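This briefing covers overall dimensions, salt bridges and a few selected residues. The structure comes first, and the notes follow by topic.

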Amino acid sequence: MSKRLFSTASALSNKWAKYVPQAGSYPQGYRVGAIASGVKKNDTLDLSLIVSETPASAAAVFTTNKFKAAPVQVSHKILQETETVNSIVINSGCANAVTGTKGLENANTIVNTVDSLVSPSTSTQSTLCMSTGVIGQHLSMDKILPALPKLYNSNLGSDHDAWLTCAKGIMTTDTFPKLVSKEISINGTTYKIAGLSKGAGMICPNMATLLGFFVTDAPIAPAALKSILTYAVDRSFNCISVDGDMSTNDTICALANGAAGGAVIDESTTESFELIRQEITDFAQTLAQLVVRDGEGATKFVTIKVKDALTYADAKKVAKTISNSPLVKTALYGKDANWGRILCAVGYSDVEVNTEKTNVSFIPTDGTAELKLLVNGQPEAVDEERASEILQFEDLEISVDLGTGGGAEASFWTCDLTHEYVTINGDYRS
């Protein structure tokens, strides 16, 4: 395992402390927590559980990697057979990926064990399972299975500490637990949403190591929840990149148990459906951006905003191409305003661009004027000193206007590529 693992309070530097909430507002009807099963060293939390007190509408978006991990395959099968689940179990330290028949057997055993604890009278599987960690190794079932009853019976709660503990239990190379919560109001009824995610490397999803979970007490119908999740993920977790790699285990899952009451929200209740879809999308973007901020070795959080494309898909493709360019990312790390690398990435993204009306700018995060780099296809006389000042900031926005007249736009979030990234991944298993 990488030496970047979060294991002690001292490991959480002031840089990251500001992203860890000190309190939260959590949905009704859930109990959560984590335990150290012994898979990781030094009593590090490595097994998390989310339990809904009543069966909850469930939806998930899974990795498109052809080598799908055993928990991905098992959870996908469960959701093909049922629209509601009672719990989600997540282990860290081992991805249970590329582990053959034994890996599938182990994932099913974990599901059945949790089911026997949470919903012993249920005849169908009602627990989703997720794993994260090293690929190609079997789970330590001798440690995980005995820990599950202890976790369920003694380590679950519904307060902020329980949620934060649950978020810590799914971490691998993350340097801080990623947890977000908020209250929303739909037609006079207050609902709460909580979400946790993990991921710092092998991040460029295409649902696609990244895990994320949202739970709410809103009464969302299963089909509507699936539609909402797909829409939200496409505009959040599918719009981030740390290193351009897609994991075998990437999964985003959502539960809605309706514990807060109110009328059921489905796609026929147009206003309520659109309102909660936007709220969950905004929420998902906040959670996804925390993954980028914690990118392995990253020193910068970069928003790539592409405007005036012919379609949303075109805008997103250009933004993703820029975000994944090693030359762009290393230039950002070196504080080098080498905008030619940005333009090069736009040019090979294979979408329609009006080269005579393309504009590229740096947008400072301190509220000062943008620094124009390319205007209507013509290079500006760049103030290198000003560019260097802008690139000193932790946050940066790069604006690219394709000049097609189509008006479509998209945002993508990425980070720089540093020496530390190589160091972290060079000794990941040591």
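Glu394 has a relative accessible area of 27%, so Glu394 is partly exposed (buried means under 20% relative accessible area, exposed over 50%, partly exposed in between, with a 1.4 Å probe and protein chains only). This is a predicted model, in which local features need pLDDT of at least 70 and side-chain atom pairs count only at pLDDT 80 or more, while totals for chains, interfaces and linings use all residues. Residues are numbered from 1 along each chain as its sequence is written, and side-chain values use heavy atoms, with hydrogens and water left out.

**Salt bridges**

- Glu394 pairs with Lys18 in a salt bridge whose closest N and O atoms are 3.7 Å apart; the term requires a side-chain nitrogen of Lys or Arg within 4 Å of a carboxyl oxygen of Asp or Glu.
- Lys18 has 55% relative accessibility and therefore counts as exposed.
- By this rule the count comes to 10 salt bridges.
- Asp174 and Lys178 form a salt bridge through their side chains, at 2.7 Å from N to O.
- Asp174 is buried, with a relative accessible area of 0%, and Lys178 is buried with a relative accessible area of 0%.
- A salt bridge also links the side chains of Asp234 and Arg235, at 3.7 Å from N to O.
- Asp234 is partly exposed at 23% relative accessibility, and Arg235 is partly exposed with a relative accessible area of 22%.
- One network, joined by salt bridges that share partners, contains Lys18, Arg293, Glu394 and Asp395.

**Lys300**

- Lys300 sits in the loop between α7 (270–293) and β10 (301–309); helices (H or I, at least four residues) and strands (E, at least two) are DSSP runs, numbered from the N terminus.
- Lys300 is buried but has no salt bridge, and the nearest side chain of opposite charge, Asp416, is 4.6 Å away. For charge, Lys and Arg count as positive and Asp and Glu as negative, while His and the chain ends are not counted.
- The Lys300 side chain reaches the backbone oxygen of Leu391 at 3.0 Å.

- Ile322 belongs to helix α8 (residues 312–324), and its 1% relative accessibility makes Ile322 buried.
- Apart from neighbours within four places in sequence, Ile322 is in contact with Ile304, Val328, Ile342, Ala345, Val346 and Val400.
- From Ile322 to Gly347 the separation is 25 residues in sequence and 9.9 Å in space, C-alpha to C-alpha.
- Ser388 is part of helix α11 (residues 384–390), and at 27% relative accessibility Ser388 counts as partly exposed.
- Between Ser388 and Lys307 there are 81 residues in sequence and 24 Å in space, C-alpha to C-alpha.

**Whole protein**

- The protein has 12 helices and 15 strands.
- The radius of gyration is 22 Å, which agrees with the value near 22 Å for a compact globule of 430 residues; it is taken over C-alpha atoms, and the globule rule is 2.2 Å times the number of residues to the power 0.38.
- The C-alpha trace spans about 70 × 55 × 40 Å along its principal axes.
- Of the 430 residues, 55% are buried.
- The accessible surface is about 17,000 Å², and 48% of that belongs to carbon and sulfur atoms; areas come from the Shrake-Rupley method with a 1.4 Å probe, and for residues only the protein chains shown count as cover.

Conventions: Polar contact = N/O pair within 3.5 Å; in protein donor to acceptor, adjacent residues only side chain to side chain. Contact = heavy atoms within 4.5 Å.
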